[in-house]
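Hi,

Here's the structure I said I'd pass on to you. Have a look at it first, and then read my notes below.

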Amino acid sequence: MKQTPKHESRHSVGLRVIAIYEVVKTVGLILVAIAAFHLNRTQNFEHLVHWLEHLSLADSNGLRWRLVNVLEEMGPSKFVAIGIVALAYAVIFAVEGVGLWLRKPWAEWFTVITTGSLIPLEIYETLHHFGWLKLATLVGNVVIIIYLVRVALQSRKPHTS
């Protein structure tokens, strides 16, 4: 019976957690794409704008009206592009998640590269349009990158028993 080194089993758990996170992002983006393609239809788009305009909420900061204005400026045709981009990212996240779940060495580096490529945008967004969720996402992605680089480099080292 082959024994797995302790660090490998610990990394398996970490890789599984990251894989689940990637799958959750995939599902979220698929839902965004479905909604975007649904809003591409003028009737559905106008129904959403009408609903937002007549929503009876105490909107003290005008968020609802800003959303209505953004939607009206975009128009229904822009939602096709949003849906396509969301699906493209969903495919990338799905590949990352499945690869990490199956412990494929290429998936570790693929995730490092794709996640790392978004870090400059996340830094910009966090600094110029601060939000706690944006900061948490940035920190989480940096932690994931550092963790995966360590795992990938450790798996290359010869093990001494």
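Let's start with Ile34: this residue counts as exposed because its relative accessibility is 51%, and exposed means over 50%, buried under 20% and partly exposed in between (1.4 Å probe, protein chains only). Bear in mind that this is a predicted model, where local features need pLDDT of at least 70, side-chain atom pairs count only at pLDDT 80 or more, and totals for chains, interfaces and linings use all residues. Residues are numbered from 1 along each chain as its sequence is written, and side-chain values use heavy atoms, leaving out hydrogens and water.

Ile34 sits in helix 1; helices here are DSSP runs (H or I, at least four residues), numbered from the N terminus. Ile34 also belongs to a nonpolar surface patch with Val23, Val27, Ile30, Leu31, Phe37, Ile84 and Leu87. Helix 1 (6-39) and helix 4 (78-101) each give two or more residues to that patch, and helix 1 has the largest share, six residues. (Patch residues have over 30% relative accessible area and no salt bridge, with nonpolar side chains joined within 5 Å and like charges within 9 Å; a salt bridge is a Lys or Arg side-chain nitrogen within 4 Å of an Asp or Glu carboxyl oxygen.)

Cheers

Technical notes:
Accessible areas come from the Shrake-Rupley method with a 1.4 Å probe; for residues, only the protein chains shown count as cover.
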